[in-house]
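Subject: Handing over a structure

Hi there,

Here is the structure I promised to pass on to you. My notes on what turned up in it follow below.

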Amino acid sequence: MLGLSKKDTTFLLVVIFLTLATPILLQPFPENSALAQFNAGYPDLMQRFAIFGIFAIGFNILFGLTGYLSFGHAAFLGVGSYSVVWMYKLLNYNVLPGLVLAIVMSGLFALFIGYISLRRSGIYFSILTLAFAQMSFNLAYSVLTPLTNGETGLQVYNNDPQVLMSEGSPTSPHFFGIVMNEATKVDVGGWQFTFSNGYYFCAIIAIIVFYLSLRIFRSPFGIMLRAIKTNQTRMNYTGLNPRPYTLAAFVISGMYAGLAGGLLAAMDPLAGAERMQWTASGEVVLMTILGGAGTLMGPVLGAGFIKYFENIFSKINDSILHSWFSALPDGLEDFVVFVFHPFIGKGWHLTLGLLFMLVVIFLPGGLIEGGNRIWNVISGKNRKKKRDEAAHHPKPTSHVN
Amino acid sequence: MGILEVSNVNKRFGGLQALGNVNLDVAKGTVHAIIGPNGAGKSTLLNVLVGKLVPDTGTVLFNGTSVLGLKPFEINQLGISRVFQTPEIFSDLSVFENMLIPCFAKRDGSFRMHALESIASEKDIIEKAEHMLAEVNMADKRHMTASSLSRGDKRRLEMAMCLVQEPKLLLLDEPTAGMARADTNNTIDLLNQIHDSREITMVIIEHDMHVVFSLAKRITVLAQGTPLVEDTPDNIKGHPKVKEAYLGEAAA
Ligand SMILES: Nc1ncnc2c1ncn2[C@@H]1O[C@H](COP(=O)(O)OP(=O)(O)O)[C@@H](O)[C@H]1O
Ligand SMILES: [Mg+2]
């Protein structure tokens, strides 16, 4: 179906189901239970899962397949956001023109940056992309103020043209009248589920672009990109020119980033230069490696993981800790809170950093590898596989999930 | 007029004359061996032929047109494939995927944006790759990661990848170096069989005289970057200068 093998179709259907059921799946704890703060089923966070998932899926097409590590992808995120806000200012709050512009602009931008940066490989390529992104960031902050509104950030003002705006049209981002920040709340027993328009809009786009990346992975083009990662010499002596392949991958991943940036502005009609900063470029690298570079689902998992930590762990404070450990004797309670303190609230970066180190050291294939190992233990596949390997040591390639 | 004509090629590395006035005429459909001691400039000559190095002076004509200044991928697209002294394969890919890549390169040229087509639907390409793998007796290893192959199998895979492109000229840089005797004999049989069935012109660099005399129709002896003699294997065997300088025990 859809040009996919049976296995991939099943895989896609599972992904679609999980994505659409996210508002329910991420709300496992009843509303007034002590664990409710670990629920992640609220629109703002779920939108981030989907948007950064898209960002990471695109990044993975470049980094995961070709091995070219860009440290400047946040520039495209920024270009996407600015494009969308500009369309709000010039036309109206419909997100469609802005998203189309975001993809086109980031694609052109990526073509330019990629064309120059891809003359080098390895660390020099990374540094070139980083330099371009920092240049974009600084320009957005200063010289390009007429385009970006500098430090304040780009937003819609009452005196903007908004030529397509009519009497009844919504005054916040919408998709042909479907207003992004509207949601339906459903109470079932002690649980509350929020089905937000914004989330479903992002989720459907995420599913589409995930499907596209699945097709790319399975295409001759996808094989060429993986070939570039493993041996460019052989590539050249096989009559293939690696440059246009890497440039195409760079532009595609830039367009994914632009779309993600556009969606950020579609959820919240603002665009600031800080979206282009190198920390944002680094974040998508972490997401991809944490989840599993070169795997299909890994980057999405990595994105979800990091955004979850950023939003949930950063909200835990000392008084919450005290309430958890209140059963302990006072002295011990204070001690335990003291121990946990650096890892929560503003210290969530520390927790994330430690987890990242653990994953990179013990699971070089990322969370996906961890998942596979657990699955193998559960299904007993491991033992069987080991026996096979002992027999005629095949080392099957697994770039599947 | 040979398929490959090298005239007056010189190449210096600093003070070292790696190639000095090399002339070589390879007849179409032949197997032409280049022998000579280590450091004689054999690999350097191949590097010039495939566009990795540009000679200081001289010309290289393939089918009558100059290949100098062309990029390696352009030269390959003209019909020259090369097997390296240490196998160059796509180590992280499966054996079968390794085979697919030259098939695509042969059909689609140096770049094609086939991002939404599925490999599974490329029946012709798959069949071609499978057929070639079977021909080199590696069909049962198609799912293995290339890096986990034995040394001999890596060479065989690289050879298959070159052959599946149906090159007009196949360049082999010590294809049996480091192989066990049995593997060496297999490779000789394979190359002979391929030459007989496809009439590919081959230029082969080899240390092992057993291999050279089992394959070559014509031999050039290179010493210190300059061709010393060029003749048939029988004459080379008996050539006193060659015997003394390069063949030693092996030919005796
Ligand atoms: N890229 C290079 N730079 C400098 N010297 C080189 C280079 N390639 C080869 N040489 C030198 O040129 C000579 C010929 O080398 P090579 O062609 O590899 O010999 P062969 O393959 O016959 O053993 C050697 O002395 C080698 O050290
Ligand atoms: Mg050599």
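**The cavity in chain B**

Six residues line the largest cavity: Gly152(B), Arg156(B), Met159(B), Met179(B), Asp183(B) and Thr187(B). Before going further, please keep in mind that this is a predicted model, where local features need pLDDT of at least 70 and side-chain atom pairs count only at pLDDT 80 or more, while totals for chains, interfaces and linings use all residues. Residues are numbered from 1 along each chain as its sequence is written, chains are lettered from A and ligands numbered from 1 in the order in which they are written, and side-chain values use heavy atoms, with hydrogens and water left out.

You will want the terms. On a 1 Å grid over the protein atoms alone, a cavity is a set of points where a 1.4 Å probe fits but cannot get out, whereas a pocket is an open set with protein on both sides within 12 Å along at least five of seven lines; a lining residue has an atom within 4 Å of a point. Points are joined across faces, edges and corners, and a volume is the space filled by probe spheres set on them.

Searching the whole structure gives one cavity of 30 Å³ or more, and the largest cavity holds about 30 Å³ of space. In chain B, helix 5 (151-163) and helix 6 (181-198) each supply at least two of its lining residues, and helix 5 gives the most, with three. (Helices are DSSP runs of H or I with at least four residues, strands are runs of E with at least two, and both are numbered from the N terminus.) Sorted by class, the lining has two nonpolar, two polar and two charged residues; here Ala, Val, Leu, Ile, Met, Phe, Trp, Tyr, Cys and Pro count as nonpolar, Asp, Glu, Lys and Arg as charged, and the others, Gly among them, as polar.

**A pocket in chain A**

The second largest pocket holds about 980 Å³ of space. It has 29 lining residues, and those nearest its centre are Leu18(A), Thr22(A), Met297(A), Val300(A) and Leu301(A). Helix 1 (6-25) is one of the chain A helices that supply at least two residues each, and its seven residues are the largest share. By class, the lining divides into 23 nonpolar, six polar and no charged residues.

**The magnesium ion**

Which protein atoms are the donors of the magnesium ion (ligand 2)? They are OG of Ser43(B) and OE1 of Gln85(B), lying 2.1 to 2.6 Å from the ion. The two are 42 residues apart: Ser43(B) is in helix 1 (residues 42-49) of chain B, and Gln85(B) is in the loop between strand 6 (80-83) and helix 3 (95-108). Donors are N, O and S atoms within 2.8 Å of the metal (3.2 Å for Na, K and Ca), and water is not among the atoms, so sites may look incomplete. Ser43(B) is partly exposed at 23% relative accessible area, and so is Gln85(B) at 32%. (Buried means under 20%, exposed over 50%, partly exposed in between, with a 1.4 Å probe and protein chains only.)

**Salt bridges**

With a salt bridge taken as a side-chain nitrogen of Lys or Arg within 4 Å of a carboxyl oxygen of Asp or Glu, the count over all chains is 19. These may interest you:

- Arg226(A) and Glu97(B) meet at 2.5 Å, N to O. This pair crosses between chains, from helix 8 (residues 220-230) of chain A to helix 3 of chain B. Arg226(A) is buried at 13%, as is Glu97(B) at 9%.
- Lys307(A) and Glu310(A) pair at 3.3 Å. Both are in helix 12 (residues 298-312) of chain A, three residues apart, about one turn of the helix. Lys307(A) is buried at 3%, while Glu310(A) is partly exposed at 22%.
- Arg112(B) and Glu117(B) have their closest N and O atoms 3.1 Å apart. They belong to a salt-bridge network that also links Arg107(B), Asp108(B) and Glu122(B).

**Backbone notes**

Asn21(B), in strand 2 (residues 16-26) of chain B, is not a glycine but has a positive phi of about 50 degrees. Glu166(B), likewise not a glycine, has a positive phi of about 45 degrees, and its place is in the loop between helix 5 and strand 7 (169-173) of chain B.

Best wishes
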